[in-house]
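Work through the exercises below with the structure open beside you, and try each task before you read its solution.

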Amino acid sequence: MSCALLLLLMSLALAMGTGAAVEIQRPRGVPLSKRQFYEENKPFTCLDGSSTIPFDRVNDDYCDCRDGSDEPGTAACPNGSFHCTNAGFRPAFIPSSRINDGICDCCDTTDEYNSGATCQNTCREMGRKERESLQIMAEITKEGFLLKQQLIHEAKRGQEDKQGKLTELQGSKKGLEEKVEALRTVKETAEDPEKEAKERHLKAWEEQKELLRMEKDKTRMAEAFLELDDDADGYVSVAELQSHLELDPDSDGSLSETETQVSQGQSEPPAPVETPQEESRDFVSDHDSDHYPEDYAGEEEEDVEDDEEDDHDEEEEEEKVTPEKREDDEVSMPPYDTETQSLIDGTYSHLQSLICDPECISICRNLEKEIGFDFGPSAEFAYLYSQCYELSTSEYIYRLCPFNRVSQKPKFGGSETNLGLWGQWAGPEGNLYSVMKYDHGQGCWQGPNRSTTVKLTCGKETVVTSTSEPSRCEYLMEFTTPAVCQEPASLDEVLHGHTEL
Amino acid sequence: MNSSNSILGLLWLAGCLSGTWAVDRGNFKTCDQSAFCKRQRALKPGQSPYRALLETLELTNTKLTLQLINDNNKVRLLLELYRLQGNMTRVKINELKPLKPRFEVPDVLINDPPTEPLSLLSRDENGVVLSLGADSQRLIVSAKPFRLDIMEGREVLLSLNSRGLLAFEHLRILEDGMWEETFKSHTDSKPNGPSSISLDFSLPGVENVYGIPEHADSLKLKATDGGDPYRLFNLDVFQYEVFNPMALYGAIPVMLSHSAQRTMGIFWLNAAETWVDISSNTAGKTVFGQMLDYVQGSSETPQTDVRWISESGIIDVFIMLGPTPTDVFSQYASLTGTQAFPPLSALAYHQCRWNYNDQEDVAAVDQGFDDHDIPYDFIWLDIEHTDGKRYFTWDPHKFPQPKDMLQGLLDKRRKMVTIVDPHIKVDSSYKIHNEIRSKGFYVKSKDGGDYEGWCWPGNSGYPDFTNPEMRAWWASMFAYDQYEGSMENMYTWNDMNEPSVFNGPEVTMHKDALHGNWENRDLHNLYGLYVQRATAEGLIERSGGVERPFVLARAFFAGSQRYGAVWTGDNAAEWEHLKISIPMCLSLSLVGVSFCGADVGGFFKSPSTELLVRWYQTGAYQPFFRAHAHLDTPRREPWLFGPENTALIREAVRQRYALLPYWYQLFYHAHHSGQPVMRPLWVEYPQDTATFSMDDQFLLGRDLLVHPVTEEGARGVTAYLPGKGEVWFDVHTFQKHNGAQNLYIPVTISSIPVFQRGGSIIPRKARVRRSSSCMEHDPYTLFVALSPKRFAQGELYIDDGHTFNFDKQKQFIHRRFSFANNALSSRNLAPGSQFTTFSWVEKIVILGASKPSKATLKTHDGKESQLEFEFDASMSVLTLRKPGVNAGLDWTVVLQ
């Protein structure tokens, strides 16, 4: 019978432990730190002070203390706990309800002393394994931390670089704006009806010369873009800008000389695109998402249509700003000076389009956005920006593009599903940068929009190690990166701390 | 589980259009859309064409037979009357010479009910009077129009065809080819033409009728005038609504009537689609036969009229004459058997979800319970665990090593349930399908080919479970060497056994599908019972007949209680659904099915934290205690809602575990004598009219009264404590309250109002561990709640918890605890049994006690010792410290 007198048994477990030299007598289940409260043959006072009982009622398999402290070694108290010494491993407290329940909980087997369960002492083996894994972890952490320092360094340089480019671009844009302003004056002058036409012609030609010079500026700007492109490794918007430079003047069809010059000025082939077109779309989308997050609730047809509509709106708005004006100008344009007039108009609108060029604006915005991102305390996560990492499972290919989006594509055909767009850092307090949250993914039937939690762990490689869907449409991704490696405590310290057990 | 994916699209569309979340009523027939119901309901009362041909009367030792004639068409019926042992009357009516045999329900009665002789008291041209034996009960057969009256003394208990609604559509030769019936896109060929039957019952003096589950409605059945009748037709109803008479997953055609004077039952043994009309006519306007006029002087008598309508088969009615609720339970149990005695662990807590994704998920959830110190016994796997919805298989990627997983659970003394549904994927590389097809075991379509329908796996066949050979084969598939990856700690769940056919009429099987010679029309409501039966038999056989099975099913019929547990199907995470779980399970309890539960948390949608906590608190005090959730809902394991809510749920589950000895004893009684575990108050307080329509609280056995908090944001509940002169003790505070009062109880989110009846003794196990198996040898604490007369009685039942040895070898302990004359004793209730337990009595808590000067324990060997005790004068609670006696032995404690 289990009521059979569970007397004060000396802690046999300690004797079995190799590391512990001294046998210390204390009631079963009492940790060393509380030994002084259990003095043999003296009345025992419950640790909460609620009552005092004869010492023979300690561990007598009946709960006398409200806090359970009189039964550290039996299951009698519902709120009690049992201390396993676990020599060779880590000591532990288990709930009293796990004493003699037929299941081995303490690696030193001390919790199952009267249940008939056959438990093996696994403490030394577990200790060894833990030390091994700690050692491996420590090595990873060490190397990872070194890599992290590098990342921080590079991030700092990259950041400065980008800030420089942005300043340059903004400056160049400002220059263009000034020119346009000047040209506008010219234009207005030119549009003065039938007054001193020749002078104006002359002036216009001077302006045209000026314009040629400005085109050289523009070429320099394009080169600046290209330069930037190299730095940023596959910047799509630049590519689009290039194609734009080619195409937009074509459609205008008025500045042929200048256009030729521009083409000649381009040293590289028209589309030195390093990233596939579709990704470029993604990128632009991402930029838009700041303004239209609801567009990304899903990628169903409806939403796509919405996107297109929104794009239309933008275009329409732009048209309202410039081309309408141009139409007005055309109406009021004196008919006899067509050549000059068209030249001026062409140049003007082209420059205007350069300044207001959505691609150009996009580059600036993206730069601003990137610079504004929270890449961690030391920007150690900056290297993940504009990268994507994939994990292939039996059914799907999962794709994590940090600070952008998470997606899932069936391996054997079918469209990609958006599992969430970059939301925020979502780690617990004190460890904010250990978890990324991506939300507002494609909607689920009767459920929430898809979202993904990315758990970051220290590793030498940057890689997605696992994905799961613990709850419908709520994904979990494990991701290793050196950027989360903490400065390692010295390995000796780590191991020392544990061998003491 | 489960929704019907293939109709999801439609429903989703419907949901978008209406913007509401509800059942799509258009998918299911109203009485008007069901041709036979419409025809039958159109009949007017008081015009019965049936006449008894008294000259054909024959009386034998066992029965009376008599022919009836329909004066309109001259078709003759054969009436058989039986007086059954245990105060029951059976009335059978069939065509005298049907064109072909009509279906009579097999396999529901546990035997041919033993009869007692009827004797003829008097006879004239108007009718005959027969004696039903005891209590001056008489059966009066009136000839024109035909009617039956059962009387006791001068009181009419019940009349048949008193409103003249007996209608028997005789089988005919196809005349005009107009027999087809179409509902939505489905056509029912009805090759046998109209074959429906109907009979009315009048219950003078009765205002309350109950039963005929399954409906999401109040416990007390409502009058159906002006609306649809209650429908009994096993259907997979997607997102069912509460408080309406629509058919649901199961059907038990048993109704109980109750008044302060008497409880009776009507068991309408018919497995076809059935509708039940109820009208309450308190003015008592029904015209009685001449012979009865002198009896019924008053027209004030309240009366309930009931009418049963079934699509095919015969009239076969068992009238259970009570007179007490207990008697009716025994009578019904003698006909259809009692609740299967579940393994003890099945009464503990079950953790389910559609779906636990893979082995790692199962391990993580298992560990989660340990990490948060919440007990559980079973973890469940829904359909996604299979290899492409092929039951008896495992998904090779998600569950590559099922035995490792099961062993992991076994190591923690826990168990698993996997789902095995009765629709079989039509796939020539699937062994189960190939065998069923080659053996010809599938249900056939009207054209004779294998019937196929759409369900989870896509195109599916439906094994003909009505075929005993099929059932035997199915059972053999649960053998450990057949069901690969199965182990002894793995049990079974039969879902979708209505059967659910996504593309069938009303999401079920075509009525003209064939089970051997019979149409699905004839036996539709019986299919689910056979599925659960075959599965339960499989689990028994795999252990060589040693182990008790545990099988949960969604569809059921009368007799299903013999095979396992049922649940209320795909409910929703709404307060209304929490509330309705009480009357739904009470209704089932009244008609034999004690092992009932609702999905804790609600299946569809996501519960608020408060609703989830309240549902755990309610579910902890309902028989089948399982949390379940739809695939599309966020995870809701108990620890996902913050530490406070984890603690609340832990406490509710722990209360369940502590009370398992009492639950086990109640289930032993349900198994042994057919008494329900969960009871409406009127069952124990039959004369207290205040209790007759109560369904927001209930009793467990006789001794615990539970009033769960089911209102959002509740600050208090008003519980009714019955019993004039009785007292009730709050089980948490030990506060004493008087009976026969409405008690307002202020509540917080941690409150679960539960009261123990003064006069009872309830055993508990205070040492709650991580599973019920871990608590097997733990000691008991006895809670003795004294009546005002300082008396109390209780029981304790112990056996091995999982085998049939209690039955086959009488290996059990059954003790009677009595407190009287200041002495508490334990005596053997089952001298012929033997069992040894390690459990002992660690504590005795006496509520409503006075302080003794000493407490003396006398053990079975005559030794005496003094017990220490504590007395709490403010609450009058006496706690006796550590008697230490073995729970299986005699002992007495005397207080002085």
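This is a predicted model: local features need pLDDT of at least 70, side-chain atom pairs count only at pLDDT 80 or more; totals for chains, interfaces and linings use all residues.

**Exercise 1.** Describe the contact of chain A and chain B by its residues and its buried area.

*Solution.* Begin with the residues: the contact takes 31 from chain A and 38 from chain B. Next take the area, which comes to about 2,900 Å² buried between the two chains, with 43% of it on carbon and sulfur atoms. On the side of chain A, Tyr62(A), Trp445(A) and Arg472(A) supply 26% of the area that this chain buries against chain B, which is more than any other three residues supply. Finally, count the pairings across the interface: the rule finds nine salt bridges, and it also finds 16 residue pairs in polar contact. Strand E11 (residues 463–471) of chain A gives the most to the side of chain A that touches chain B, with three residues.

**Exercise 2.** Locate the salt bridge of Asp632(B) and Arg472(A), and decide for each residue whether it is buried or exposed or in between.

*Solution.* Recall first that side chains of opposite charge can pair when their charged atoms come close. In the salt bridge of Asp632(B) with Arg472(A), the closest N and O atoms are 2.6 Å apart. The pair crosses between chains, since Asp632(B) is in the loop between strand E35 (625–627) and helix H12 (642–658) of chain B, while Arg472(A) is in the loop between E11 and strand E12 (474–481) of chain A. Now apply the cut-off, by which buried means under 20% relative accessible area: Asp632(B), at 9%, counts as buried, whereas Arg472(A), at 30%, is partly exposed.

**Exercise 3.** Work out which parts of chain B are tied together by the salt bridge of Glu273(B) and Lys511(B).

*Solution.* The two side chains meet at 2.3 Å, N to O. Glu273(B) lies in the loop between strand E18 (263–268) and strand E19 (274–280), and Lys511(B) lies in the loop between strand E28 (490–494) and strand E29 (514–515), so the pair ties together parts that are 238 residues apart in sequence. Glu273(B) is buried, with a relative accessible area of 0%, and Lys511(B) is buried as well, at 9%. Both belong to one network joined by salt bridges that share partners, which includes Asp188(B) and Arg231(B).

**Exercise 4.** Find the residues that make a nonpolar surface patch with Leu174(B).

*Solution.* Leu174(B) is in the loop between strand E11 (167–168) and strand E12 (181–183) of chain B, and it is exposed, with a relative accessible area of 52%. Together with Leu99(B) and Ile173(B), Leu174(B) makes a patch of about 330 Å².

Conventions: Residues are numbered from 1 along each chain as its sequence is written. Chains are lettered from A and ligands numbered from 1 in the order in which they are written. Side-chain values use heavy atoms; hydrogens and water are left out. Patches are made of residues with over 30% relative accessible area and no salt bridge: like charges are joined within 9 Å, nonpolar side chains (Val, Leu, Ile, Met, Phe, Trp, Tyr) within 5 Å. Accessible areas come from the Shrake-Rupley method with a 1.4 Å probe; for residues, only the protein chains shown count as cover. A salt bridge is a side-chain nitrogen of Lys or Arg within 4 Å of a carboxyl oxygen of Asp or Glu. Helices (H or I, at least four residues) and strands (E, at least two) are DSSP runs, numbered from the N terminus. Buried means under 20% relative accessible area, exposed over 50%, partly exposed in between (1.4 Å probe, protein chains only). Contact means heavy atoms within 4.5 Å. Buried area is the accessible area (1.4 Å probe) that two parts lose on being put together, summed over both. A polar contact is a pair of N or O atoms within 3.5 Å; within protein, one must be able to donate a hydrogen and the other to accept it, and residues adjacent in sequence count only if both atoms are side-chain atoms.
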